[in-house]
Structure formats: structure tokens, C-alpha cells
Amino acid sequence: MYRIARHDGEIRMSNDMDDIVQEFLVESYESLDRLDGDLLALERDPRSKDTLASIFRVMHTIKGTCGFLGFSRLERVAHGAESLLGGLRDGTIQVNPAIASSLLATGDALRQMLSNIERDGNDGEEDFLHLVATLERLRASAGASAPARIPTTPPSPRAAKPARPAPPQATTPEPVAEAARGSVADANIRVDVAILDNLMTLVGELVLARNHIATLTAGTEHDPVLAAAAQHLNSITADLQDGVMRTRLQPIHTAWARFPRVVRDLGMALGKQVRVETDGDDTELDRSIIEAIKDPLMHLVRNAVDHGIELPAEREAAGKPLEGIVHLRASHEGGQVTIVMRDDGRGIDLDKVRARALERGMLRAEQVKKLSAHDTIELIFQPGFSTVDQVTNLSGRGVGMDVVKTNLGRIGGSVEVATTAGKGTTYTLKIPLTLAIIPALLVRSGAQRYAVPQVNLIELVRATPAQIETVHGAPVLRLRGRLLPLVYLATELGGEVAAASSHHIVVLQADDRRFGLVIDGVTDSAEIVVKPVGGYLKGVDTFAGATILGDGTVGLILDVIGLARRAHVLTKKQERELEQLYDHSEEREAPGVSLLVFTDHEGGRMAIPLELVTRLEEFPRAELESSGPFPVVQYGKEILHLVDISRLMLDRRRTSRTEGLSTAGEALPVIVYLHEGRRVGVLVGQILDVVRHDLVELQPGSRPGVAGTMITQGRVTEVLDLPQILSDWDEDALAALTGLEELSA
Amino acid sequence: MSPQLYATFTVHDRYLGVPVERVQEVLRAQAITPVPLAHPHIEGLLNMRGQIVTALDLRARLDLPAREAGAPTANVIVMTPEGPLSLLVDALGDVVTVSEELFEPPPETLQTDTGHLIKGAYKLDDALLLDLDLDRTLDFTSARGT
């Protein structure tokens, strides 16, 4: 017991000391971050006395404090830098790249020692003697190595002692700035982040309690006093929530304060001249979000310097200023923060991207050819993509653009890219303001309510059961000319879909996927507090977490991405693989669905919705094998059964057309189609085109198996109901297939 | 061996207990939100003063007949590495003092799938108190039964 008490005493004592050191560390880190920016500004404008004074003051303060705290190594380095800065301030030395570099290196050394102090309580073993010597040498060399940038300054003699020409502008504004700083300090206090986090949690609880009270008082209009009290509580809570959120906001500047320095070093290493410009430094974001975007943003900036900005010679040849610019702009837009990062480099070479995608086996040659510009750029966000031949240690640090996109997606953000060859590239990031309390839509499914984060929400629509159509069993809704795949929440959650005269559909977008979620009703929209759920639900990816609803019960938050994955909603990438078989970029905006147009062996034009097609293939006739009455081909690892379109239709038509299956040549075009879980190859005469058509205008079909007729390229085309045809075919498959034996014979 | 305190409860017709120090608190019946697609033994989630607690249906866990709809329940909250967990029971009993002399391991004839969840029984004057093996009970997400 005695030992424990003594131990406590020691801890208390060291705690007092810790507090002072802690404060020193926090202040110094902040100062050093500012120092980097100031040094770069000074390098650009050596005449700025204010900047120089600010740098000098930082160094002076650090030196003084660490002398007091007994960190002698730290003090020595800071002293060396201070002396050099003294020379600059007095005008005996001029700023040059060597001096700027050594001062930046000083900042790094100081940071390293600070982190030693933070970790071990002392300033470490390293003396940085080399750096101290460099600082001293630069100070001593005075004007000798410095180019005479400012002609008005008399050249200094090569002496250790400054000559002190004392030009009038050399007086330091230090006292004024010191006074200004004092007044700022009076209006600000330092608060431990843990306290703010705790406050935020409490406000979350209060919001929930408020929601509960609101639910309880909803039906008490007859008690005006209670209703008024509840209303008052409501407005106070909203204000408090707003206020506490505000305390956690940090200017975006904290996320990119180090970028100018990083870009300068990176540019120097690559032999490029690059400058960072920022706008909207004061745009505020929740600190958790700032933490989350720091790395993705840093990666984009490094990427821009490494790949975007050209070498000076190349820039000159292109008639651009030698110095490249990476421009960052942040702004609030509709409850979100938008960050635009623009460089004026060479832009993304789309041909290179296509070639790389091919090389990496991400796409096949014929797919690559048909890729639109937009889709090509999107490829850079695919895992395993990188256009640098050699992964440099600068931007290729094992983090790809896919990670940037994933990390932003995780916090409900997004990134888009636009590029112009020779002009540069622009990345637009959209990021939510906070993570802890999110607006959500409360939806009903059966007896339960679920929360849908509004960040995923695009719109709400209603549809009668008659308006919901199916594509071979998969429910879809025509929404402004496009088919929206539908997912029934009740079904996905293992329940039954309730019969209704009209369905509520929440149109959701998540991680490249867009789909309609069919629910029983919308209850409310509310601010919900995201709560951690224990590890027992780990395997359930349909839910992103839980919250407490207004009535005090637990509500589950739907994970829209998990839900889409579960329901097998196609990603854009998967859609693209299908769509890019045929280029229809011109028709892209046209309403309706894409139809694959082909002929039967007699030259009759037919079409099926492209969505039904898994793949288009051509098999050499020699590869056909016979398996009983079924002609088959080896298709990857499986056996693909083939059925001839003419035979199928012939069988239905019950006409006497008998002549020839195929008069085609050696290559047999086949549409691969997934029918009730198994692949079927449909042999056709010739594949013609992909067109877009609004199926609403179809003329009714003239024979069984034909959904309707339409005109394509001036000719009558039958739109086949392939699912129906193949379902029928299943029953009398043999009958329809007999004719195919001739093929393999 | 010093006497031990056990928190007791009933599940179906079983009289069960766990060491009192493992129990964080007990709650009367709570509104429970079912979690579709979760493990079948998970009854759902409940709100314990703002904290989300997973509820484990002990009847299902012990392979006992399901509770009738609307039948009374109570919650025995235990802390686990995966977060707080509620053992959903039929009714709460007293805290009783048991001693080692009263303990006896289960008979060899206990051969049901969930037999390993019972460490043994304390021979109390008026009843047999079954000693529930909490660690094994909580390990319901791995292979069942063994």
C-alpha cells in the first residue's frame, strides 16, 4: 500500500511538469506548421519583413522555452536557426534556396526532437551537428553565396559578424505583432479534444431525449403548456447541437497546411517547379472529417505533382509558365463541403489509360476501343491501376486512386475527375460536414422502421404494382427513360412483400450503384445519432449501425452499399463491361432501353434488350461438339449448350420453312444469355447493332414469342421475348434442338 | 472455498444462475428491435440508457421451447469483449449464496446438444440451481453444440 501511495505522489509531481511540456509541444507543433508556410512565402518574397519577423519569433520562442525546460539539443538547433534568421532580419544575408532549405530542415529536426520528447520525455540522442554547422556556415557566408536579388542592399563582407548596415526598413514589427497576439490569446482557450468529443456524445444523447419528448408530446395539443415547453426544449437542443458542432470545426487549412512544403520538396526531387495555391482556407469541417480527408487529399496533390505537372522544359515548349500550379479551393455548398483540386499540367492521357487498362487485363481490346472519355478517366479509380511505368517512391506509395475513392466513400464523400489534354486535371471532392449526427429518412418495412442515410438518397417516387415491370423476373421501374432495378427491402430482410395499391420507392445511389428500394412507407426524416453496435452483428452487412429512435427503441441504419451488394445490383463497372461491347455513346442520352439487333439465318431482323445479354461470342464451327441431341461448345471451364434462333422461332411459327440452319461461314455468332441460372448460347445469323428504343411505342407482336415490332434503320425488327421463348423451349427442348444436329454433323 | 453469490433466473422450467460479479445489471422487459439476417439466437437490440445492447434469447440458446408471444421477459446484462449483451430470460430470481459443498457436476446422462453449457448443479434446499457456463453460452456464433 505504501509503495502505491508513493507512486501516486510521483505521478502527480510529474503531471505538473507534463502539463507545461505538453503545452510547449502543442504550441511548438502549431508554430512549426506555420513556419513551413512562412518560409516558403519568404523564399518567394524575400523582402517581406512581416514574414521574416514571424519566423524569427517562432524560432526565438522555441529556443527560449526549451532552454527553460532543459532540452539542450533542441535549444542548440533552434539557436543556430535563430542566429541565421537574425542575419536575414538585419539584412546582412539574403534569402536563397540553400538558406530556405536549411531552415526547412531545421523545422524537420525540431519536429523530430519534439516527437522524441512526446514519446520518451527527452529530446533524443541525435545532435544534428551537421545541420547546426550548415546554419552557422550560411550565416557566416553572409552575402557571398546569395544572388544579389535586391540591388538596394549593400553587399555584406564575408565576415562572421554582421556589418549592420541598418537600412531603414530593417526595423522589426515584433512588438506590434506581439501585442496583437496577446489580444488573440485573451479571446481563445485551449481545450482538450477529448472534452469536445465527450460533449458531442452528450449532445447526441440530448438530441435523442429531445426526439423522445417530441414523440410523447406529439398528441398533446390540448396541453398548451407542455407543448410550449417541448417546443422550447426543441429549439434549445438545436442551438446547442449547432454550437457544440461548431466547437469541433476546424478550418480546412489544417488539412492542407503542409502541402506547400510537401509540393516544394517533391518538385525539387523531380526537377519540377510547382507552387501550391489555396482558396477558402477558412472553410470549416468537423475534425473527424478533416482527419479522414487528409491522406486522400495528400495523395491527390502528390499525384498531381508527380504525374500532372510537366518538367520545366516541357512546359516551356508548350508555352506555359515554367512554374506549375496546384490549386486547392474549398467552399460550403448545400450542407456539404466541396474541395476542388486543379493542376495546370499535361492532363490525363486517355490513350495511355486505355493502353494500361488493356495491359493490366482490366478490359478486352474491343471493349477498350469503345470506351467513352468519361468512362476512361473513371478507370483510374479501379484497383490495381497506375499509369506510371515505375512506381516512384513519391506518389506510388502503395496507395492507389482506388483507395482515395474508397476512403472518401467511407465517410459519405465522393470524387469526380475532369481532364483536358495539355491544360490540366481537376478533381472535385464532395464531403459531408460531420459524421456523428446524420440526417436520415426513416422508412417502414413490415412492423419495423429503418433509417436510410440521406447522403445516399436521390429521390422518392411512387409506383403502382402495374408500373413495376420485370426483366426476366428482375423487377424494374421505368424512371425517365431508364430502367431502375428495384430491390424489395422486405425480401432482402427475409420477409414477405406486403400487398399495396401503391409502392414507395426510395431511389438510392451508393458506390457506383443506383437502385430503387421498395418499402412499405416513409415515416419521417430525422437527425439520427450513429451508435456503435456490438460485435455480435459483425456478419450482417445490411446494416451500418444503429440509432435510438424517438420512442426510445433501437432503429437499424441500412447500409446502402451492403444492401446493393446483397441484392446483386450491378456496379457501373459491370454495366460497362456489358455496354461497351457496343458503342452507343451517341445514343446514351436517348430515353428507352438498349436493344441488341441481330438477324436470324434468313436475314429477319430481331432484337432483344441488351440487359439480357451476358456476352457476345464467336465460335469457330470446328469447335462445336455434340452432346446427345445438344450441340455444345467448351466455354471457359463449362459446357455451353447452343440453341439456334431460327429453329426456336421456326418451331413457334409452325410454318413449313425448312431450309437450312446456317448458311453462315466458319464463325458462328452466339449470344450468351443467362436463363434461370444457367448459360445458354443462342446462335444467330449476324449481329448488327445496338440501338436505343423506347419500348412503349412498340407495335404489338404478330406471333408468339415476339413482344412487339419496331423500325430500326428503316427496317421492321421484331423484339423477342427471349425469356418466354426459352422457358417454353425448356419444356420441349429436344424438339427444338433436333435440327441442330446437322450443325455438328 | 468461500461461499459465492449467484444471480439467478428462470428460463422455461430451468432454474439457472451465474456468478453475480459477471452481471452488470438486470433490466425488466425492454422493447427489442429484431435484426433480420442476424444469428437465429439473437433476439434483437435494446436501448440501455442510450447504449445499444444485443439480446441473446437464452431459450433458443439452450434449445428450449420458444416463448409464447407476449410472455414476460427480463434482461440479465453481462459485459463481453464484443460489447454488452443481454441474456433474455423468463423471470429474475434472487441473488443466492452457494458454497462448494453443495456443488455437483452434471450426471453422465446429460447428453443433449446444449449439455456442455451447464457446469453442474448446486443442491439448494428447495431446488437445484444450474450453474450456467457463461463463456460457452456467449460463444454461440462459432459452431453450435460442441
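The model is predicted.

Chain B contains 2 helices and 11 strands. From the N terminus, the order of its elements is β-β-β-β-β-α-β-β-β-β-β-β-α. Chain B has 146 residues, of which 34% count as buried. Contacts in chain B were also examined by sequence separation. Among those between residues at least 6 apart in sequence, 54% join residues at least 24 apart.

In chain A, helix α3 covers residues 72–90. Its length was checked against its residue count. At 1.5 Å a residue, the 19 residues of α3(A) should span 27 Å. The end C-alpha atoms of the helix lie 26 Å apart, so the two values agree.

In chain B, 19 residues are in contact with 21 residues of chain A. Three elements of chain B each give two or more residues to this side: β4 (42–48), β5 (51–57) and β7 (83–89). The largest share comes from β4(B), with 4 residues. By class, the side of chain B that touches chain A has 12 nonpolar residues. A further 6 are polar, and 1 is charged.

How values were computed. Residues numbered from 1 in each chain as written. Chains lettered and ligands numbered in written order. Predicted model: local features only at pLDDT ≥ 70, side-chain atom pairs only at ≥ 80, totals over all residues. Buried ≥ 20, exposed ≤ 12 C-beta atoms within 10 Å, placed from the backbone. Contact = placed C-beta atoms within 7 Å. Expected span 1.5 Å × (residues − 1). Nonpolar A, V, L, I, M, F, W, Y, C, P; charged D, E, K, R; others polar.
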